[in-house]
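Dear colleague,

I am passing on the structure we discussed, and I would be glad if you could look through it alongside the notes that follow.

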Amino acid sequence: LEFRRVLFRSETEGLNESTMFAVAEDRAGDLWVGSESTGAMRIARNGFTTYAREDGFGRLFPRSLFGSRSGESLVLARNGTDTGLAVGVFDGEQLHFLRPDFRPIRYFGWRNSQIALHDHAGEWWFATQEGLCRFPNVTAERLGRARPKRIYTTGDGFPGSGVTSIFEDSRGDIWIITDSAGKTRLSLWLRSTETFRHFSETDLPAPLAGDRVFAEDRSGNVWFPASHGVLLRYRQGHFERVAAKDLTIGSVDAMYTDRSGRLWIGDEEYGLTRMDDPAADHPNCVRYTTAQGLSSNSIRCITEDRWGRVYV
C-alpha cells in the first residue's frame with residue numbers, strides 16, 4: 001500500500017475533536033465521522049477551504065487575487081509594513097510563495113484591488129507607490145527570480161509615482177490610476193506604440209473619485225467611477241457620464257462583468273447593482289441591499305464560478 005500524500009485533519013482544520021471511532025462515506029461523497037464525545041461530523045467534499053499562516057502565508061497578509069494567462073490562481077501578499085510583495089502560486093493543494101526582485105522599489109502602498117495583472121502577452125505588471133513595475137514574459141514559477149524590465153515613473157509623464165490601479169482591456173491597452181499629492185489622474189498605456197496617453201481633468205466629464213476600479217463590458221466599453229456618485233464609460237474614444245435608472249453609487253469598491261454580459265457594481269454603502277445592458281445609452285439597473293437578502297450593504301469583491309453563480 002502506497003500513500004502519495006497524507007493529510008492530517010484535527011481541531012485546527014475545524015473538527016470538533018481529534019478522537020474518532022467511525023468514518024463512512026455517503027452517496028454525495030461526503031464523509032461522516034463519529035467522534036468520542038461530541039457527536040457526528042460531516043466533512044463535505046465540496047465547499048470552502050481556508051488557507052492561513054500554516055499553509056504558507058507565515059507573516060504575509062493576502063492583498064489581492066488574480067489569475068495567470070495559463071489559468072493559475074495567484075495571491076498577491078504583503079508583509080506588515082507594506083515594504084514587500086510576494087506572489088503565491090496555488091498548485092491545487094497548497095500555496096507556494098515567490099518573491100520577485102522589485103529593487104529599487106521599497107514602498108507598495110495600501111491598495112488591494114487591481115494592483116497586479118498578467119497581461120495577454122505574458123508580461124507581469126504591479127502597481128506600487130514608487131512607480132509602475134513591468135516584468136518580462138516568464139512563467140509564474142520563474143517570476144520569483146525575475147527583475148523588472150521597466151519601472152515607469154514621473155519621467156514617463158505620470159503626475160506622480162503613486163500607482164493605485166491597473167487594468168488591461170480587450171485591446172491589450174492598460175489603464176492606470178495614479179494618485180499624488182491628493183490629485184488623482186488617469187493614464188492609458190497604448191500597446192501598439194508602447195507609449196502613454198495621460199488624461200487631464202478637462203478630458204473627463206467628472207473628476208476621478210478615490211475609488212480605483214475598472215471593468216469592461218462585452219462591447220469593449222471601459223467603466224470606472226468618478227466622484228459624487230458618477231459612473232463614467234469610455235465608449236468609441238470618448239468619456240461619458242452614464243445616467244441609469246436605479247443607479248445609486250457612492251464609493252465603489254468592485255465591478256465585474258459576468259459571462260452573460262451583465263455589469264455588477266459593488267458599493268461601500270449602497271449595496272450591489274446589476275446592470276443588464278451596459279452598452280445601452282441608458283442602461284437598466286437592479287439594486288440589491290440587505291432588504292433583498294444581502295448580509296451587508298458594504299460590497300468589497302464580486303466574482304463568478306464556472307456555473308454562472310455570482311459571489312459577493
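Ile 43 belongs to strand S3, and with a relative accessibility of 34% this residue is classed as partly exposed. Together with Val 23 and Leu 31, Ile 43 makes up a nonpolar surface patch of about 240 Å². Please bear in mind that the model is predicted, and that strand S3 (residues 40-43) is where confidence in the chain is lowest, at a mean of 88, whereas strand S16 (residues 215-216) has the highest, at 98. For the chain, the mean pLDDT is 90, and 96% of the residues reach 70 or more. Where pLDDT is low, the predicted coordinates should not be read in detail.

Turning to the cysteines, the count of disulfides comes to zero, a disulfide being taken as a pair of cysteine sulfur atoms within 2.5 Å. For Cys 301, the closest cysteine sulfur is that of Cys 285, and because the two sulfurs are 20 Å apart, they are too far from each other for a bond. Cys 133, for its part, is buried, its relative accessible area being 0%.

Leaving aside residues up to four places away in sequence, Thr 289 is in contact with Tyr 270, Leu 294 and Asn 297.

With best regards

Definitions and conventions
Residues are numbered from 1 along each chain as its sequence is written. This is a predicted model: local features need pLDDT of at least 70, side-chain atom pairs count only at pLDDT 80 or more; totals for chains, interfaces and linings use all residues. Side-chain values use heavy atoms; hydrogens and water are left out. Buried means under 20% relative accessible area, exposed over 50%, partly exposed in between (1.4 Å probe, protein chains only). Contact means heavy atoms within 4.5 Å. pLDDT is the predictor's confidence in each residue, from 0 to 100. Helices (H or I, at least four residues) and strands (E, at least two) are DSSP runs, numbered from the N terminus. Patches are made of residues with over 30% relative accessible area and no salt bridge: like charges are joined within 9 Å, nonpolar side chains (Val, Leu, Ile, Met, Phe, Trp, Tyr) within 5 Å. Accessible areas come from the Shrake-Rupley method with a 1.4 Å probe; for residues, only the protein chains shown count as cover. A salt bridge is a side-chain nitrogen of Lys or Arg within 4 Å of a carboxyl oxygen of Asp or Glu.
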